[in-house]
Amino acid sequence: MARPLTLLLVRHGQSEWNAAGLVQGQTPHVPLTELGHAQAAAAARELAALRPGALVSSDLRRAVQTAEHCARATGLPLTTTPALREQGYGVLEGRPSRELWDVVDWTDPRWTARGGESLAALHARVGAYLGQLCAEPPADVVALVTHGDTIRAAQAVAAGLGPDALPAVTPHNGTVTRLELVP
């Protein structure tokens with residue numbers, strides 16, 4: 001039996017749009033706040049103690065800034081991929097997060113905002129990426145710096161659950177979530 005692949009999923013630190021309560025989705029340019037950098041540095045210290053052998057990040061700025069802290073703490077080179085991006089919210093990006101409750105059909109994993117991405121599409125994207133990692137792991141322990149919905153999708157994929165069963169709780173900014181993937 002193949003050995004499981006350990007994933008250390010780091011949610012980016014607080015961004016300016018997190019602090020302002022705005023929907024980020026795949027908006028690329030949103031930077032971390034001062035608190036976000038502190039959260040990223042703390043997550044990086046935690047990550048370094050777990051000794052990952054590879055470091056991969058979403059290519060969105062808030063994740064890359066977090067991953068740079070992780071690269072310094074671990075000494076690992078950083079690579080980026082769009083496969084680890086947040087769920088795309090299309091026309092809803094930049095709007096107040098509280099407006100989502102009136103617009104999103106949370107019961108339908110195939111619902112999508114115009115120009116966005118459904119939970120089903122996010123789940124499929126993350127599942128495909130994790131499948132590639134299992135097929136050709138760069139290390140036994142891989143750190144992935146990413147986003148809240150992406151982490152929830154990875155948790156569902158690892159548990160063998162579909163897009164209709166993503167965990168309800170999103171990890172806090174600057175936290176590390178451990179997952180075991182069995183090939």
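Val145 touches Val10, Leu55, Val56, Ser57, Ser58, Ala63, Thr66, Ala67, Cys70 and Leu84, leaving aside residues up to four places away in sequence; a contact here means heavy atoms within 4.5 Å. This is a predicted model, where local features need pLDDT of at least 70, side-chain atom pairs count only at pLDDT 80 or more, and totals for chains, interfaces and linings use all residues. Residues are numbered from 1 along each chain as its sequence is written, and side-chain values use heavy atoms, with hydrogens and water left out.

**Val145 and its setting**

- Val145 sits in strand E4, which covers residues 141–146.
- With a relative accessible area of 0%, Val145 is buried (buried is under 20% relative accessible area, exposed is over 50%, and partly exposed is in between, using a 1.4 Å probe and protein chains only).
- Asp102 is 43 residues from Val145 in sequence, and their C-alpha atoms are 30 Å apart in space.

**Overall fold**

- The protein chain has 6 helices and 5 strands, and these are DSSP runs numbered from the N terminus (H or I with at least four residues for helices, E with at least two for strands).
- Reading along the sequence gives β-α-α-β-α-β-α-α-β-α-β.
- The radius of gyration is 16 Å, close to the 16 Å that the globule rule gives for 183 residues, so the protein chain is as compact as a globular protein of that length. For the record, that radius is taken over C-alpha atoms, and the rule is 2.2 Å times the number of residues to the power 0.38.
- The C-alpha trace spans about 45 × 40 × 25 Å along its principal axes.
- Take the contacts between residues at least 6 apart in sequence: 71% of them join residues at least 24 apart.

**Surface and charge**

- Of the 183 residues, 50% count as buried.
- The protein chain exposes about 8,600 Å², and carbon and sulfur atoms supply 53% of that (Shrake-Rupley method, 1.4 Å probe; for residues, only the protein chains shown count as cover).
- There are 15 positive and 17 negative charges, and their mean positions are 4 Å apart. Lys and Arg count as positive, Asp and Glu as negative, with His and the chain ends not counted; each charge is placed at NZ of Lys, CZ of Arg, CG of Asp or CD of Glu.

**The aromatic pair**

- The structure holds 1 aromatic pair.
- Trp101 and Trp106 make up this tilted pair, at 4.9 Å centre to centre and 40 degrees between the planes. Rings of Phe, Tyr and Trp (its six-membered ring) pair if their centres lie within 6.5 Å; planes under 30 degrees apart count as stacked, over 60 as edge-to-face and the rest as tilted.
- Trp101 is exposed at 63% relative accessible area, while Trp106 is partly exposed at 42%.
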